[in-house]
Amino acid sequence: MSELFSLRTERLTIEGSSTAGHETWFRVKELGAALDIGRCPDALISVPHVFVTHAHLDHSVGIPFYAGQRHLQRIEGGTVYVPEENADDFRELMALHTRLENTDYDIEIVGMGAGERRRITRNIAVRAHQATHRIAARAFEFLDVRHHLKREYAGRDSAELARLRGEGVNVNEEVDVSILFYTGDTDRGILEQNAELYRSEVLMIECSFIADAHKSRAAAYRHIHFDDIAEFADQFENECVVLTHFSRRYSREEIVSLLRGRCPAVLRDRIRLSFPPPWDRIDS
């Protein structure tokens, strides 16, 4: 039995693993993207776009290994997106490895500020959001960029539209559809301050703590407690809400049991846990 979490939605295939303080990484096959890199498992080496939410080692330590393995396997390029506050530090880290290993690495470190948007494929863009954590952190929203006919051209026949296009008239407009929102490590501030996360088709949100005794710890270390999520239950429009980054204080069985007792009915059938079956659901 695989120890990886796996989720298939109508348009995405997501797999990975996430345990607080140990390792977090996910691969989204259709997007050519990794969400955090953990210690860089083999599954991520060929992924061209890596989105690192923050510099804590359980999320970022694999960056040099990613660069090294791509070099050894003659895979050109590779882009690692990080919070803009840390970009120079990560570049310095790679420069250190270049000197230590006497090898030139081909990856690019790109800093992203909150609100910044970048196109990674013809039809996919990524927007960075502020995450509220103990250090600089970004959440990442993946957007399906669609081209719709502008309202003023609605009802025109295809021949007329073709003529207008031939004259250089732009009859279409770009429309962003949010297909995935990944918070990385954060606290309840992201729930209070970011309306976009509630509307994405798939939301992946950290949930480090569940038990009553750990509410103060969640607040002190700026992580989410499940009761924070439950408080906003009526706002979630997402088709699926994946909870990640559980503390190692809980067993999988304990997590499922606690969530079954705490989860509002409006969320229960949409919740997925970042574990392999049978611990990935609470509605069965």
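Q: Which backbone nitrogen does the side chain of Ser18 reach?
A: The side chain of Ser18 reaches the backbone nitrogen of His245 at 2.9 Å. This is a predicted model, in which local features need pLDDT of at least 70, side-chain atom pairs count only at pLDDT 80 or more, and totals for chains, interfaces and linings use all residues. Residues are numbered from 1 along each chain as its sequence is written, and side-chain values use heavy atoms, with hydrogens and water left out.

Q: What makes the link between the side chains of Ser18 and Thr24 a polar contact?
A: A polar contact is a pair of N or O atoms within 3.5 Å; within protein, one must be able to donate a hydrogen and the other to accept it, and residues adjacent in sequence count only if both atoms are side-chain atoms. The side chains of Ser18 and Thr24 are joined at 2.9 Å, so the pair qualifies.

Q: Why is Ser18 called buried?
A: Its relative accessible area is 2%. Buried means under 20%, exposed over 50%, and partly exposed in between (1.4 Å probe, protein chains only), so Ser18 is buried. Ser18 is found in strand S2 (residues 13–19); strands (E, at least two residues) and helices (H or I, at least four) are DSSP runs, numbered from the N terminus.

Q: What makes up the largest nonpolar core?
A: A nonpolar core is a set of buried Ala, Val, Leu, Ile, Met, Phe, Trp, Tyr and Cys residues joined through side-chain atoms within 4.5 Å. The largest has 34 residues, and Ile229 and Phe236 are among those with the most contacts inside it. The largest share of this core, 3 residues, comes from H8.

Q: Is Arg74 buried or exposed?
A: Arg74 has 77% relative accessibility and therefore counts as exposed.

Q: Which peptide bond is cis, with omega near 5°?
A: The bond from Pro277 to Pro278 is cis. Pro278 lies in the segment after S14.
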